[in-house]
Amino acid sequence: MMKPLAVFSAVLGLALLASPASEAQEKKQLAFIVNAASDFWKLAEAGVKKAQGELPNYELQFRYPAQGTAALQNALMDDLVSAGTDAIMISSVDPKTSVEAFNRIAAQVPLFTTDSDAPDSKRIAYLGSSNTDAGKQAGEIAVKALPSGGKCMGFVGFLGADNAKERIAGFKQAVEGKNIELVDVRGDDVDFARARSNVDDVLAANPDINCMVGFYSYNPPKIYEALQAAGKLGQVTVIAFDEDPVTLGAVKEGSFAGTVVQQPFEWGYQGMKLMAKYLDGDKSGIPDNKLIIIPTRMIDKSNVDAFQAELKAAIGG
């Protein structure tokens with residue numbers, strides 16, 4: 001029979017061995033899910049990393065779906081909830097077809113959206129850009145760059161996503177009555193090869209197009225590649241979105257008229273802080289309209305250097 005002192009020592013030893021695991025289990029888990037693999041999301045990931053440093057009692061995850069489809073996004077959310085995730089923020093690939101899935105998740109854990117909202121779902125709130133305002137800013141760049149008017153072709157990843165539709169609508173609103181027409185928008189479902197071939201096809205089949213708009217972060221670099229290959233850089237006015245290095249370089253050299261940039265770093269940083277507060281019982285950060293808007297900015301040749309310096313500082317050099 002084990003002596004009492006030995007029993008006490010054994011129990012104490014087991015408790016000490018178990019304590020790190022217990023502490024790990026006590027940490028609440030937050031997840032940030034993006035819509036597809038893209039360099040655009042590196043800034044959001046940096047924001048999540050910064051938030052992790054300020055939230056020691058939380059475990060933060062930054063997750064990409066295997067492919068940019070609503071089905072795989074929804075499956076990833078299910079997996080995270082099953083694994084014990086306590087709150088999720090997601091950029092929806094297809095809000096219209098995901099309402100049921102989003103509501104199923106929202107019934108289990110607090111669900112927030114970013115970048116592309118799902119307003120018809122039971123998400124707690126949306127934190128991100130006003131895509132309509134961003135589209136208007138892109139239109140303002142076009143109006144300034146095309147004083148005599150022009151015919152534009154747009155390029156985007158998901159034609160059905162709210163962020164795409166709102167940007168397109170905002171652009172059209174800004175150029176209305178300015179003799180600038182957005183003739184069509186070509187979708188690519190975040191297939192980079194298709195994104196490039198869409199531009200090549202337009203160059204070959206639509207010689208009257210003198211303006212191109214890249215509505216997703218990777219579209220402007222593909223436009224740049226195609227124009228460069230065709231020897232038409234500088235001959236077609238390009239309006240961009242986001243801050244891909246190729247895009248900023250093109251703005252700097254004057255090949256692009258400008259770009260509308262969001263603040264994905266703040267989505268990651270503020271989004272994680274917002275969810276942590278919500279889980280702690282502080283709901284003061286949720287406005288009545290459930291929209292937390294992070295402003296977008298217009299970047300052109302006059303301010304691109306300063307903006308690049310800001311980006312460098314945001315991601316730590």
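This report describes the fold, the cores, the disulfide and several individual residues of a predicted model.

## Overall make-up

The chain has 317 residues, and buried residues make up 49% of them. Its secondary structure comes to 11 helices and 12 strands.

Among contacts between residues at least 6 apart in sequence, 73% join residues at least 24 apart.

## The six-stranded sheet

Six strands make up an open sheet, and their order is E2-E1-E3-E4-E5-E11. The pairing in this sheet is parallel. At its edges are strand E2 (58-63) and strand E11 (291-293), each of which pairs on one side only. On average, and with direction ignored, neighbouring strands of the sheet are turned by 20° against each other.

Within this sheet, strand E1 (residues 28-33) pairs with strand E3 (residues 87-90) in the parallel sense, over four bridges. Isoleucine 33 has isoleucine 90 in E3 as its bridge partner. Helix H2 (residues 42-54) lies across E1 and E2, and runs at about 170° to E2.

## Strands E6 and E7

Strand E6 (residues 150-156) and strand E7 (residues 180-187) run parallel and are joined by seven bridges. The chain passes from E6 to E7 through helix H6 (residues 162-175), and this β-α-β crossover is right-handed.

The loop between H6 and E7 holds asparagine 179. This residue has a positive phi of about 60°, although it is not a glycine. Most residues other than glycine have a negative phi. Asparagine 179 counts as exposed because its relative accessibility is 59%, above the cut-off of 50%.

## The nonpolar cores

The largest nonpolar core has 54 residues. Those that touch the most other members are Leu30, Phe32, Trp41, Leu60, Phe112, Met212 and Met272. Helix H10 (residues 264-279) gives the most to this core, with eight residues. Apart from this core lies another, of 28 residues, including Phe158, Ala164, Val185 and Val213.

Tryptophan 41 can be followed through its contacts. Leaving aside residues up to four places away in sequence, tryptophan 41 touches Phe32, Val34, Asn35, Ala36, Phe62, Tyr64, Ser91, Asp115 and Trp267.

## The disulfide

A search of the whole structure finds one disulfide. A disulfide is a covalent bond between the sulfur atoms of two cysteines. Here the pair is cysteine 152 and cysteine 211, with their sulfur atoms 2.2 Å apart. The pair links distant parts of the chain, since cysteine 152 belongs to strand E6 and cysteine 211 to strand E8 (residues 211-214), 59 residues apart.

The torsion about the S-S bond of this pair is about 90°, so the disulfide is right-handed. Cysteine 152 has a relative accessible area of 0% and is therefore buried. Cysteine 211 is also buried, with a relative accessible area of 0%.

Valine 238 is part of strand E9 (residues 237-241). Its relative accessible area is 0%, so valine 238 is buried. Valine 238 touches Met212, Ile223, Leu227, Ser255, Phe256, Ala257 and Gly258, not counting residues up to four places away in sequence. Valine 238 and glycine 214 are 24 residues apart in sequence, and 7.7 Å separates them in space, C-alpha to C-alpha.

Aspartate 242 sits in the loop between E9 and helix H9 (245-253). Like asparagine 179, aspartate 242 has a positive phi although it is not a glycine, and the value here is about 75°.

Note on methods:
Residues numbered from 1 in each chain as written. Predicted model: local features only at pLDDT ≥ 70, side-chain atom pairs only at ≥ 80, totals over all residues. Heavy atoms only, no water. Pairing = 2+ DSSP bridges. Helix = DSSP H or I, 4+ residues; strand = E, 2+ residues; numbered from the N terminus. Right-handed = clockwise from strand over helix to strand, strands pointing away. Core = buried A, V, L, I, M, F, W, Y, C linked by side-chain atoms within 4.5 Å. Buried < 20%, exposed > 50% of the residue type's maximum accessible area, 1.4 Å probe, protein only. Contact = heavy atoms within 4.5 Å. Disulfide = S-S within 2.5 Å. Axes fitted to C-alpha atoms, helices over the stretch in contact; angles between N-to-C directions.
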